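Look at the sequence and the 3D structure below.

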Amino acid sequence: MPISVSFILITLIAGGTGSVKLARGLSKVTEDLVVVSNTADNIWLHGLYICPDIDTVVYGLSGLLDKSRGWGVMNDSFVFMEQMKRLGQDYWFKIGDKDLALHVARTHFLNEGKSLSWVTEWIRKKLSISTVILPASDYHFETRIETPVGEMHIQEYWVKNHAELDILNIMYEGIEKAVPSPKTLHAIRNSDMIVIAPGNPISSIGPVTSIPSIRMELESRKKKVIAVSPLIGNQALSGPASKYLRAMGIECSPVGIASHYSNIASNLVISESDKEYENRILNYGVDVYKTNIIMENEQDEIKLSDYILKTFNNA
């Protein structure tokens, strides 16, 4: 399938597993793509600073991603984790042996005083990734889940507890300190279009769009912002988005997505099977576009990306 490459600047606001497919697709149809990656699921474990969403994007764009898992490095081994288990240490968060090297290098540079943006750029160059990847913020803040048994980091809730506990509240702890880098704001301000990936609106996209200065920029440019629905009907394309939306009192449907994003995005791409929701979405002042949003392979990723590019370029 021939790919026509554009040279317009696109900023993609992304999480991890639910976003990396669109990041891959867009990277193949535009020469100028910037990915602004969620950092609120970053976590300190075993003395290492781990950035799950950034790393999923890094591995996805470098061709190293284990697509069957949706995270980590393909063909990785887990000897390190087996030894940690043997030593009676926490082993609920799986770190592959190849993946471990990235966390060690990142932590080393952070301990030297380098910023997360600097480290991410260093990783990008080392892995020969052409797409620019920017952390939403260099300041640590994190998504916390309040449950009946206590409050916990989102990784503990999702990975350690398998998202089985009831959710009382979801918070972005420390977001008031989360100032984006000048490069991140510059990318948003100068983009021809801004795409919100079909990641979890609460845990993957929400932390980025809730940073005050980023939200202000998106609100002022919302006609250029295109959100891709992470739902088909009331079912999430991946992960626990449905559960998180319901916990926050948001309707679990494309209408709920439109309502949630209506202050920052004037355009919503939904599944062609969800046309029944169109009129209700329009009531929120959000324009509706319908196509296949399921990305099962590279061709689907490119096709959706091409659709976005052709539909919204110079719109």
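The charged end of lysine 114 lies over the ring of tryptophan 118, at 4.9 Å from its centre. A charge sits over a ring if NZ of Lys or CZ of Arg is within 6 Å of the ring centre and within 35 degrees of the ring normal. Arginine 69 has its charged end over the ring of tryptophan 71, 5.3 Å from the centre. This is a predicted model, where local features need pLDDT of at least 70 and side-chain atom pairs count only at pLDDT 80 or more, while totals for chains, interfaces and linings use all residues. Residues are numbered from 1 along each chain as its sequence is written, and side-chain values use heavy atoms, with hydrogens and water left out.

Rings can also pair with each other. Rings of Phe, Tyr and Trp (its six-membered ring) pair if their centres lie within 6.5 Å; planes under 30 degrees apart count as stacked, over 60 as edge-to-face and the rest as tilted. The count by this rule is six aromatic pairs. The ring centres of phenylalanine 109 and tryptophan 118 are 5.0 Å apart and their planes meet at 65°, so this pair is edge-to-face. Ring pairs join Phe109, Trp118 and Trp122 into a cluster. Phenylalanine 109 is buried, at 14% relative accessibility, and tryptophan 118 is partly exposed, at 36%. Buried means under 20% relative accessible area, exposed over 50%, partly exposed in between (1.4 Å probe, protein chains only).

Isoleucine 175 is also buried, with a relative accessible area of 15%. Leaving out residues up to four places away in sequence, isoleucine 175 touches Phe141, Pro207, Ser210, Ile211 and Pro212, where contact means heavy atoms within 4.5 Å.
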